[in-house]
Amino acid sequence: MAASRVQVPAEVRRGDSVEVKISIRHPMESGFRVDDSGRRIARNTIREFTCRYNGKPVFVARLGSGIAANPYLRFFLTAAESGQLSFEWVDEAGERGDALASLTVVG
Amino acid sequence: MKRDASPPIASAHRRRLIVAGGAILAARMLPARADSAPLPAIPELDAYLAGRTPQLGRLILDLPRLADDGNAVAMRVTMPGPFAQGEHVTSIALFSEKNPVPKMAQFEFPLPSERVDIESRVRLAGSQRVVAVAILAGGAVHAAIAEVVVTLAACLDGS
Amino acid sequence: MRVAAVLLACWAASAVAQTRAIPATDLRSGLSFGSAELRAMQADDFANPGMLWVERGEKLWQTPAGTAGRTCASCHVDPATSMKGVAARYPALDAKAGRVIDLEGRINACRTSRQQAPSLAAESEDLLALTAFIAYHSRGLPLSVAIGEGARTTFEQGRDLYYVRHGQMNLSCADCHERTGGAAYSPRRSAKAIPMPTRRIASNGRLSARWGAEYGHACSAFAPRCCPTMIRGSPRSSSS
């Protein structure tokens with residue numbers, strides 16, 4: 001499964017606000033759905049999502065059943081040095097996911 | 001025209017009415033508490049605020065007025081800058097009035113960002129108000145309320 | 001004689017036209033009834049979660065499968081050309097199988113006969129991904145499903161089913177999607193005919209790479225399961 005898609009601008013200027021978008025494949029099972037035989041499907045949502053910029057956490061999202069399935073997040077960070085953006089998330093079943101994106105900062 | 005003398009019982013009743021009317025007028029003249037009337041009564045929100053009174057007007061919570069499908073409602077929360085030294089946004093939390101789980105999300109900024117503008121998609125279990133609460137580094141608390149009419153509620157029907 | 005022929009042709013033409021309860025020009029996608037926000041979500045190629053499946057499908061296209069060790073690309077090379085318009089033609093008559101199959105069935109036929117790989121299960125992530133990927137290459141193209149010749153019987157069976165009322169609520173497909181297209185029975189507004197393929201942000205935000213067509217052709221997962229449940233009828237199996 002394509003676990004996620006990340007979008008960041010190819011190149012940014014130092015000090016700019018950089019738009020970061022991520023779309024993650026995850027059912028964000030609310031715990032309120034029932035299957036075809038009427039049994040409740042156990043809750044399993046992404047609980048913690050972290051974006052690190054050259055290793056330092058810059059954005060953390062604590063999510064739950066109130067966030068729609070296949071979570072989409074869009075946030076901004078301030079461009080400093082060139083480097084790497086790493087994204088990590090973990091759900092209630094302990095499954096982890098991750099993604100990477102490089103950020104080129106000029107000026 | 002001859003005026004009837006008021007019977008004793010009626011005048012006591014009239015006195016009570018005047019006192020009650022006076023009390024109502026007096027109450028209306030008192031300033032309204034900022035956190036009483038506009039914020040929906042959500043216990044988890046009250047616990048989160050812990051007695052603090054949020055300021056309204058700066059934080060902006062965008063939700064559609066009418067959502068076709070409560071399973072995926074576009075949400076955008078923005079705190080316009082600029083941010084003074086020590087006054088950057090540290091966290092923004094979202095609370096639902098009607099969802100089975102009232103605290104929907106919490107976004108945190110371990111490193112200050114010049115631009116605080118977050119988009120995501122939320123689930124709404126029916127028409128309701130949603131409250132966003134931003135906490136700034138200096139301790140200031142800001143809130144925004146949005147009301148959404150949801151055509152198809154999420155969570156409630158098991159699908 | 002010539003006048004009779006013309007009259008016959010006119011009558012025949014109008015008879016054929018009468019089988020269309022909604023004129024082709026009046027057909028509207030269910031999405032066109034949605035709110036501006038919903039349409040914006042649908043149109044956003046990044047945020048629409050369906051693209052997660054399309055990307056997965058793109059990877060699968062290049063992945064060898066089965067004992068033959070072939071990928072989809074081995075035969076079909078570039079999907080932008082080879083798959084353009086393909087999804088719009090399905091469900092279609094498969095001459096070899098002698099029956100009408102949907103796109104999922106076509107994918108599985110390729111897997112079993114050309115790749116010597118096992119079929120992908122209905123509604124499985126991989127099958128949804130490949131279907132979404134192939135359908136993506138027909139984006140914007142009108143449906144052009146052939147209902148003549150060998151497909152005629154299946155089409156007529158589907159059309160009859162479309163008009164039969166069933167379930168606890170005693171509703172047929174046509175009741176919502178033809179007679180009252182655009183109205184809202186329950187929260188959803190019914191499409192006037194269900195235009196597919198589409199990567200709909202369906203209930204619960206899950207992908208529905210669903211199929212349907214006007215007059216109820218042999219459908220895959222959506223119509224047999226979701227709609228009958230909504231009208232409290234029994235779900236049909238995907239293979240029927």
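How many helices and how many strands are there in chain A? Chain A has zero helices and eight strands. The model described here is predicted. In chain B, by contrast in topic, two helices and nine strands are found.

**Chain A**

- Along the sequence, the elements of chain A follow the pattern β-β-β-β-β-β-β-β.
- The C-alpha trace of chain A spans about 60 × 25 × 20 Å along its principal axes.
- Chain A has 107 residues, and buried residues make up 36% of them.
- Of the contacts in chain A between residues at least 6 apart in sequence, 56% join residues at least 24 apart.

**Chain B**

- Starting at the N terminus, the elements of chain B run α-α-β-β-β-β-β-β-β-β-β.
- Chain B has 159 residues, of which 34% count as buried.
- Among the contacts in chain B with a separation of 6 or more, 71% are between residues 24 or more positions apart.
- Strand S5(B), residues 89-96, runs antiparallel to S6(B), and five bridges join the two strands.
- S5(B) and S6(B) form a hairpin, with six residues between them.
- Within this pairing, Ile92(B) stands opposite Phe107(B) in S6(B).

**Contact between chains A and B**

- Chain B supplies 27 residues to the contact, and chain A supplies 26 residues.
- On the side of chain B that touches chain A, strand S6 (103-108) and strand S7 (116-122) each supply at least two residues.
- S7(B) gives the most to this side of chain B, with six residues.
- By residue type, the side of chain B that touches chain A divides into 12 nonpolar, eight polar and seven charged residues.
- Strand pairing also crosses between the chains: S5 of chain A (residues 56-62) and S6(B) pair in the antiparallel sense over three bridges.
- In this pairing, Val60(A) stands opposite Glu108(B), and Arg62(A) stands opposite Gln106(B).

**Nonpolar cores**

- In soluble globular proteins, nonpolar side chains tend to be buried together.
- The largest nonpolar core has 71 residues, of which Val73(B), Ile92(B), Val131(B) and Ala132(B) touch the most other members.
- Strand S8 of chain B (residues 128-136) gives the most to this core, with six residues.
- Leaving aside residues up to four places away in sequence, Ile92(B) touches Val77(B), Phe107(B), Ile118(B), Ala132(B), Val133(B) and Ala134(B).
- Another core, of 27 residues, lies apart from the largest one and includes Ala87(C), Tyr90(C), Ala92(C) and Leu103(C).

**Helix pair in chain C**

- Helix H3 (residues 50-61) and helix H7 (residues 125-136) of chain C have axes that come within 7 Å and cross at roughly 95 degrees.
- Because angles of 65 to 115 degrees count as roughly perpendicular, H3(C) is roughly perpendicular to H7(C).
- From H3(C), the residues making the contact are Gly50(C), Trp53(C), Val54(C), Arg56(C), Gly57(C), Glu58(C), Leu60(C) and Trp61(C).
- From H7(C), the contact is made by Asp126(C), Leu128(C), Ala129(C), Leu130(C), Ala132(C), Phe133(C) and Tyr136(C).
- The residues of this contact of H3(C) with H7(C) divide into 10 nonpolar, two polar and three charged.

Definitions and conventions: Residues are numbered from 1 along each chain as its sequence is written. Chains are lettered from A and ligands numbered from 1 in the order in which they are written. This is a predicted model: local features need pLDDT of at least 70, side-chain atom pairs count only at pLDDT 80 or more; totals for chains, interfaces and linings use all residues. Helices (H or I, at least four residues) and strands (E, at least two) are DSSP runs, numbered from the N terminus. A residue is buried if 20 or more other C-beta atoms lie within 10 Å of its own, exposed if 12 or fewer, and partly exposed in between; C-beta atoms are placed from the backbone. Two residues are in contact if their C-beta atoms, placed from the backbone, lie within 7 Å. Ala, Val, Leu, Ile, Met, Phe, Trp, Tyr, Cys and Pro count as nonpolar, Asp, Glu, Lys and Arg as charged, and the others, Gly among them, as polar. Two strands pair if DSSP finds at least two bridges between them. Axes are lines fitted to C-alpha atoms, for helices over the stretch in contact, and angles run from 0 to 180 degrees between N-to-C directions. Angles under 35 degrees count as roughly parallel, over 145 as roughly antiparallel, 65 to 115 as roughly perpendicular and the rest as oblique. A nonpolar core is a set of buried Ala, Val, Leu, Ile, Met, Phe, Trp, Tyr and Cys residues joined through C-beta atoms within 7 Å.
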